[in-house]
Amino acid sequence: MKPNEGEQWDGQSEVKKLAILTGGGDCPGLNAVIRAAVKTACHRGIAVVGIQDGFRGAVEGDFRPLEPKDVSGILPRGGTILGTTNRDNPFAYPTWVGEERQVQDRSAEVMDRFKAEGIDALIAIGGDGSLSIALEFAKQGLKVVGVPKTIDNDLMCTDLTFGFQTAVATAQDALDRLHTTAESHHRIMILEVMGRYAGWIALYAGVAGGADVILIPEIPYQLRSIAEAVQRRARLGKHFSIIVVAEGAKPLGGDMVVERTMSGRTDPIKLGGIGAKLAADLEKVTDMETRVTVLGHLQRGGSPIAVDRVLSTRYGVAAVESALAGDFGMMVALQGQDIVRVPMAEAVHKLKQVELDDPVLNSARSMGIKFGD
Ligand SMILES: Nc1ncnc2c1ncn2[C@@H]1O[C@H](COP(=O)(O)OP(=O)(O)O)[C@@H](O)[C@H]1O
Ligand SMILES: O=P(O)(O)OC[C@H]1O[C@](O)(COP(=O)(O)O)[C@@H](O)[C@@H]1O
Ligand SMILES: [Mg+2]
């Protein structure tokens with residue numbers, strides 16, 4: 001549905017007080033969404049409360065009023081003024097009962113607290129995990145609007161999540177820098193980027209940064225194929241190569257490289273180390289010096305680039321407009337040039353991975369970039 005973005009709401013709305021929270025891994029643009037939502041709501045006479053640290057604050061009652069003065073100056077700021085969490089699912093919330101740590105369903109408390117605080121609707125800014133929790137609350141009767149956040153860009157039903165393009169820009173900058181040192185030293189340079197199950201950052205950064213090989217979770221790689229690509233370049237006089245590898249990439253028939261497992265998370269796997277593994281394997285078969293850079297949380301931190309500031313702002317405005325229009329259980333999304341509303345259930349039912357016929361992937365292949373297959 002196209003929600004007539006930017007039209008002034010002149011109808012009557014039952015919503016008088018909105019809550020807003022940010023959940024999951026932080027990403028550039030969170031503050032821009034909060035700012036846009038608060039400004040839009042206040043402009044229409046709607047009160048806003050911020051919930052601290054995602055759904056943790058919803059369980060613990062950690063709320064604070066948000067007025068325009070509270071969001072002044074936060075547009076360029078990375079992170080989230082509300083805090084966030086990768087844990088703390090109210091439907092399975094770790095709770096100490098005496099000496100014993102139990103996992104309890106605390107969702108009813110959240111519903112009661114929202115009622116007591118006079119909160120009419122919730123704007124949940126998150127990825128698949130946080131929006132899945134929001135959807136569970138929607139099933140219990142909470143009025144919810146979702147905003148698609150994640151640097152990984154792996155949410156369905158939207159062309160883009162905010163934060164992704166900033167992460168790509170950061171990775172591209174790293175690639176530009178790695179290029180000059182790779183060329184000087186005649187080395188293979190590997191850049192490990194984020195992307196657990198989807199290779200969007202690796203694909204886009206690889207194309208933007210002129211990588212020779214891009215390895216993504218969706219295409220298991222064969223070492224022989226990567227070695228051949230590097231050696232072919234050397235035969236043509238290019239004695240260096242640039243490889244971008246997503247943290248979730250894996251060899252054909254092999255597994256992802258897990259750095260460690262973390263309790264209390266729905267997905268307990270913390271990835272990391274595929275770059276180092278690949279470097280060791282490649283040095284053996286190519287006899288070329290290889291170095292690895294793990295970009296890590298640099299991709300998540302810092303100021304959003306202009307396109308993400310615009311996208312985040314549009315999402316923040318659209319989320320409030322959806323609430324005012326009484327359109328709940330929906331996520332705002334970008335489809336083509338338009339901000340639309342899509343059912344949250346459709347957005348979270350599976351991850352959006354890179355399809356094998358993705359146009360950007362095809363363009364990359366056409367110009368000779370290798371994917372290790
Ligand atoms: N499929 C799921 N269903 C319900 N809750 C989930 C699911 N995946 C993750 N969660 C919970 O959602 C929270 C945030 O998830 P996470 O993946 O860290 O962030 P994001 O919202 O960016 O996807 C965590 O508390 C996690 O326990
Ligand atoms: O270091 P953390 O915070 O545990 O999370 C790392 C993960 O978070 C991400 O940056 C983003 O994931 P989410 O958007 O699901 O939070 C992944 O790319 C990465 O695997
Ligand atoms: Mg997630």
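A disulfide is counted where a pair of cysteine sulfur atoms lies within 2.5 Å. In the predicted model described here, that rule gives zero disulfides. C27 illustrates the result. The cysteine sulfur closest to that of C27 belongs to C157, and the separation is 18 Å, which is too far for a bond. A disulfide is a covalent bond between the sulfur atoms of two cysteines. The surroundings of the cysteines were also examined. C27 has a relative accessibility of 0% and therefore counts as buried. C42, at 26% relative accessibility, counts as partly exposed.

Ligand 1 was considered next. Its site is the largest pocket. There are 15 residues around ligand 1. Those that come nearest are R87, D128, S130, K149 and T266. By class, this shell is made up of one nonpolar, ten polar and four charged residues. Polar contacts to ligand 1 involve both side-chain and backbone atoms of the protein. In D128, a polar side-chain atom lies 2.6 Å from an oxygen atom of the ligand. K149 likewise places a polar side-chain atom 2.6 Å from an oxygen atom of ligand 1. G127 contributes through its backbone: an N or O atom there lies 2.9 Å from a ligand oxygen atom. Taken alone, ligand 1 exposes 550 Å², and the protein buries 78% of that area.

Around it are 15 residues, of which G25, T150, D152, E247 and H297 come nearest. The shell around ligand 2 holds two nonpolar, six polar and seven charged residues. Ligand 2 exposes 480 Å² when taken alone, and the protein buries 91% of that.

How values were computed. Residues numbered from 1 in each chain as written. Chains lettered and ligands numbered in written order. Predicted model: local features only at pLDDT ≥ 70, side-chain atom pairs only at ≥ 80, totals over all residues. Heavy atoms only, no water. Near = heavy atom within 4 Å. Polar contact = N/O pair within 3.5 Å; in protein donor to acceptor, adjacent residues only side chain to side chain. Areas by Shrake-Rupley, 256 points an atom, 1.4 Å probe, with all protein chains shown as cover. 1 Å grid on protein atoms, 1.4 Å probe; cavity = no way out; pocket = protein on both sides within 12 Å on 5 of 7 lines; lining within 4 Å. Sits in = over half its atoms within 2 Å of the grid points. Nonpolar A, V, L, I, M, F, W, Y, C, P; charged D, E, K, R; others polar. Buried < 20%, exposed > 50% of the residue type's maximum accessible area, 1.4 Å probe, protein only.
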